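Keep the viewer open while you read.

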Amino acid sequence: MGIYINPGNDGFKTAINSEIYVDKTELIAYTNKYLDTEQRFICISRPRRFGKSMALKMLAAYYSRGCDSRELFSGFNIERDPSFSEYLNRYDVIFLNMQQFLFGAKKQEVTDYLEQDVLEELTDEFRLDEGTFLKRPDIGLADALRKIYAKTGKKFIFLIDEWDCVMRERQESEEFQKKYLDFLRNLLKDQPYVALAYMTGILPVKKYGQHSALNMFWEFSMLNQNFFEEYTGFTEKEVEALCRQYKMDFSEAGNWYDGYRFIRFKHVYNPKSVVEAMHRHCFSNYWTSTETYEALKIYMDMNFDGLRENIVRMLGGESVKVNTASFQNDMRNFRTKDDVLTLLIHLGYLGYDAETREAFIPNREIIEEFENAMSVGGWPEIMRIIKASEKLLEDTLRCDEKQVAKGLDRAHTEAASILTYNDENSLSCAIGLAYYSARKDYRLIREFPAGHGFADVVFLPLPTSGKPALIIELKYNKSADTALQQIRDRHYCQALEGYSGELLLVGVNYDKENKNKPHSCIIEKINMR
């Protein structure tokens, strides 16, 4: 067992010995399927702490020659797959954590340092009778592997963790990045010794112009994980099972950590945060607490036309259209707001719906991070709305129509510094912001399908909140009573199937032409049985 060559199964053993381990072993069935095929180059990009390294340790335990991992996989899903025994511990694995090489190289070139260390292990591992060609001072890693393959017929599985750390840590050096990518290309592309290359990072493969430097890779990112969706994070069923086991509220878990949406799996949860919440028996912000909010603020404050408006709309509960095609897959070259938003999707600060091509803030954990980033300056109008939101909710629950009208008027006016005032969607967004604090106890739904139409804004209470549901209907140049009547006439209340308890109907009207004319509000309380 080596550091890089056939690292064994200790990493996976540690994972399954942990108090919480969610079985993701069926991932192996996919990698087995693509061994020695044109699709054997797989690049998985996900946010930090989304289980990338754990998956690599599992693959190392499964494929590494020289260890017996059968018992470790006993009882897990992959054991039932027909390919399980065929490839178990049958390959020589080369495991490379690029971040370790980057930090360990010091003044030496990263690729030189990597080749030196891995070649040293290769020399020890493959003691061939025909000379000592691996000890030639001028031999490179790719040359050595080609010679090993020619003499032994053995192919290798490459497991590469943090492949993109060079792009993230050395953003300023295009030359350094190109040299690194050329090294990976030479090591992997068209090489007969590669049975599988499984590479993970946060960013997809770096582009230069319209071309990928590593165009042999089959990429799976937060824009489209395809058949790796259920291995990206925890699924709804997995989180529900954990909540039952640890006696935690499943709805609250969804409010905090759900929101990463894919084509087949509409509810994918942040795995790091779910595990922390179960261990600590407390819902809180765990994922973003491992990195300063200033990293997010840098991107939020970039001066691209429409970026601030898009962020405010998402804070208000909307989704926004994003063109992800122009993003160069790095953290330095931004040309439009869409490039910034695409990066935030890859970093996990935004969710993405591939079918509608829209981005959104996925959950309470992330929205708190946006609030933290705004609180240190640059967003005073939005922070005033957010700070006033607690009182607005209290006034609404007391059915204080005058105070609610005043609060919504102020929020609409403040938001108009970034959004268009004379726009019904802008008012709807402003209301989402105005009730910002309600998200601790409610799930906000914009354009809620209800009766014979769509309710503008609905707040559904979490089961443990004990608060009433809210249906808010917006009108302009009419009356608050007209808005309330529409809720009744179109039977919006009937759409809250399964809900029982108090329900507040809130009708709001504003004058589209005259900002100085105050908003009006009518609130009606009913009981749902």
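## Ground rules

Two strands pair if DSSP finds at least two bridges between them. The strands themselves, E runs of at least two residues, and the helices, H or I runs of at least four, are DSSP runs numbered from the N terminus.

This is a predicted model, so to speak of local features pLDDT has to be at least 70 and side-chain atom pairs count only at pLDDT 80 or more, while totals for chains, interfaces and linings use all residues. Residues are numbered from 1 along each chain as its sequence is written, and side-chain values use heavy atoms, with hydrogens and water left out.

## The chain overall

The protein chain has 20 helices and 17 strands. Along the principal axes, its C-alpha atoms fill a box of roughly 90 × 50 × 35 Å.

Of the 529 residues in the protein chain, 57% are buried. Buried here means under 20% relative accessible area, exposed means over 50%, and partly exposed is in between, using a 1.4 Å probe and protein chains only. Take the contacts (heavy atoms within 4.5 Å) with a separation of 6 or more: residues 24 or more positions apart account for 71% of them in the protein chain.

## The parallel sheet

Five strands form an open sheet in the order E2-E3-E4-E1-E7, with parallel pairing. Its edge strands are E2 (92–97) and E7 (218–220), each pairing on one side only. From one strand to the next the twist averages 15°; for angles like this, axes are lines fitted to C-alpha atoms, for helices over the stretch in contact, and values run from 0 to 180 degrees between N-to-C directions.

Strand E4 (residues 194–201) is joined to strand E3 (residues 156–161) by five parallel bridges, and E1 and E4 also pair in the parallel sense over five bridges. Which residue in E4 does isoleucine 42 stand opposite? The residue is tyrosine 198, and tyrosine 198 is also the bridge partner of leucine 159. Phenylalanine 158, for its part, stands opposite alanine 197 in E4. E4 is mostly covered, with eight of its eight residues buried. Helix H3 (residues 52–63) lies across E1 (41–45), E2, E3 and E4, and runs at about 160° to E3.

## Nonpolar cores

A nonpolar core is a set of buried Ala, Val, Leu, Ile, Met, Phe, Trp, Tyr and Cys residues joined through side-chain atoms within 4.5 Å. The largest one has 121 residues, and Leu122, Phe158, Trp163, Leu188, Phe370, Ile382 and Tyr435 touch the most other members. Helix H9 (residues 174–188) supplies the largest share of this core, seven residues.

Phenylalanine 158 turns up again here. Leaving aside residues up to four places away in sequence, Phe158 touches several residues, including Ile94, Leu145, Leu187, Leu188 and Ala197. There is also a second, separate core of 37 residues, and Tyr87, Tyr198, Phe227 and Phe228 are among its members.

Now for a charged side chain. Glutamate 121 sits in helix H6 (residues 110–125) and is buried, with a relative accessible area of 15%. Not counting residues up to four places away in sequence, glutamate 121 touches Gly2, Ile3, Tyr4 and Ile5.

## Ring pairs

The structure holds 34 aromatic pairs. Rings of Phe, Tyr and Trp (its six-membered ring) pair if their centres lie within 6.5 Å; planes under 30 degrees apart count as stacked, over 60 as edge-to-face and the rest as tilted. Phenylalanine 12 and tyrosine 21 have ring centres 6.0 Å apart and planes at 80°, so they're edge-to-face. Phenylalanine 12 counts as buried at 1% relative accessibility, and tyrosine 21 does at 19%.

Why is the pair of tyrosine 476 and tyrosine 510 tilted? Their ring centres are 6.1 Å apart and the planes are at 55°, so the pair gets that label. Tyrosine 476 is in strand E15 (residues 469–476) and tyrosine 510 in strand E16 (residues 501–510), so the pair ties together parts that are 34 residues apart in sequence. Tyrosine 476 is partly exposed at 29%, whereas tyrosine 510 is buried at 1%.

## Charges over rings

A charge sits over a ring if NZ of Lys or CZ of Arg is within 6 Å of the ring centre and within 35 degrees of the ring normal. Arginine 48 lies over the face of tryptophan 287, 4.6 Å from the ring centre. Arginine 308 lies over the face of tryptophan 379, at 4.0 Å from the ring centre.
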